[in-house]
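Hello,

Here is the structure I promised to pass on. My notes follow below it.

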Amino acid sequence: MRAMVLERLGPIEGKPLQLREIETHKIKKNNDVLVRIEACGVCRSQLHGIEGDWQKYGIPPALPTIPGHEIVGTITQIGPSVKNLKVGQRIGISPLHGSCMHCDYCKTGKEHLCDQAEITGETMLGGYAEYITVSEDFATPIPDSMKSEYAAPLFCAGITAYKAVKASEPTRQKTVGIFGVGGVGHLTVEFAKLEGMRVVGVARNKAHLDVAKKVGADNVIQFTEQNEFLSTLKKEEGLLDSAIVFAPSEKIVDLAINSVKKGGTIVLGVLASIPNFDVFTEKTLRGTLIGSRSDMVDVVRLAKQNDMKIIFKSFPLEQANSVLEDLKYSRIEARAVLTP
Ligand SMILES: [Zn+2]
Ligand SMILES: [Zn+2]
């Protein structure tokens, strides 16, 4: 099969992903399925992994590797004990490729927090390729009416957005600010609207503010400098009830904390250090990471029921390096999807 293989970490401008012809994966466990990949979304975490920003967190754990963890494809083969899936069916694979299934997290529906969780794309099992295997327990069926390229972004951006909105304790009376409106942020606007919240999109980049408007944000405010931003926010909205941050920047985290009312909630969906935090404001800072398998099923169901807008653009698999470079320099409107 063809795959974009990462052998050495380095700046994306140096084209570190190499197109290789490698042996197609084989079914190893009895409940595995083999999937012919039709679409794989391009997530900012791949850029961090490839460029070495996350070596301090042990990502990627080994080289060579195939990145990519937002995958949709068709099952071409099933293992002997697969019960619920069949050849020809389409499924999606999220960053959660497997977990131990017996720890406290796994037994209480929080398997994404399992200490033994296996992450898609941190080994040779990644989506920048023509095939992948996955256990049937970690595959989510895709409705026939949903195109593969449309569905792929749901599997990391979608579930991340959904979980972040849940963590913000949404109610109809609340106003939430979404700080950073790209691939994940535009879906966060939509999930927050489904909860009936008033939504304010915040971004530095004018094109990203347009994306927020296009998917239903009630207001957008451009971020330039903290004091200027806060005075515009207070004039137009008052302080926010909650904030969700997807911009990987300490400055934006600080801005989000200061944009929320006393007692409000700030949800962080990115790795960024937390600057000044005044405990006497009784604010809650909360982290969030993808979601469980049942969250994933909810995300696919909600996207279909509500005919959610997913803004994506497709590129051939071979263009992975240049697509990631475009992402690095904010030239991607929302989500890029690779098709083998
Ligand atoms: Zn991702
Ligand atoms: Zn576990």
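Why does Asp210 count as partly exposed? Its relative accessible area is 32%, and partly exposed means between the cut-offs for buried (under 20% relative accessible area) and exposed (over 50%), with a 1.4 Å probe and protein chains only.

First, the ground rules. This is a predicted model, in which local features need pLDDT of at least 70, side-chain atom pairs count only at pLDDT 80 or more, and totals for chains, interfaces and linings use all residues. Residues are numbered from 1 along each chain as its sequence is written, chains are lettered from A and ligands numbered from 1 in the order written, and side-chain values use heavy atoms, without hydrogens and water.

Salt bridges

The structure holds 18 salt bridges (a side-chain nitrogen of Lys or Arg within 4 Å of a carboxyl oxygen of Asp or Glu). Asp210 pairs with Lys206 at 3.4 Å, N to O. Both lie in helix H6 (residues 206–214), 4 residues apart, about one turn of the helix. Helices (H or I, at least four residues) and strands (E, at least two) are DSSP runs, numbered from the N terminus.

Lys328 meets Glu51 at 2.8 Å, N to O. Lys328 lies in helix H10 (residues 320–328) and Glu51 in helix H1, so this pair ties together parts 277 residues apart in sequence. Glu7 bridges to Arg20, with the closest N and O atoms 2.9 Å apart. Arg2, Glu130 and Glu318 form a salt-bridge network.

Zinc sites

Donors here are N, O and S atoms within 2.8 Å of the metal (3.2 Å for Na, K and Ca); water is not among the atoms, so sites may look incomplete. The zinc ion (ligand 2) is coordinated by the SG atoms of Cys100, Cys103, Cys106 and Cys114, at 2.3 to 2.4 Å. Its 4 donor atoms subtend angles of 105 to 116 degrees, which makes the arrangement tetrahedral (four donors, all angles between 85 and 135 degrees). Cys100 counts as buried because its relative accessibility is 17%.

The zinc ion (ligand 1) is coordinated by Cys43 (SG), His69 (NE2) and Cys156 (SG), at 2.0 to 2.2 Å. Cys43 and His69 are buried.

Asp32 sits in strand E3 (residues 32–42). Asp32 is buried yet has no salt bridge. The nearest side chain of opposite charge, Lys29, is 4.5 Å away (Lys and Arg count as positive, Asp and Glu as negative; His and the chain ends are not counted). The Asp32 side chain does reach the backbone nitrogen of Lys28, at 3.4 Å.

Best wishes

Technical notes
A polar contact is a pair of N or O atoms within 3.5 Å; within protein, one must be able to donate a hydrogen and the other to accept it, and residues adjacent in sequence count only if both atoms are side-chain atoms. Four donors count as tetrahedral if all angles lie between 85 and 135 degrees; four count as square planar and six as octahedral if opposite donors are over 155 degrees apart and all others between 65 and 115; anything else is irregular.
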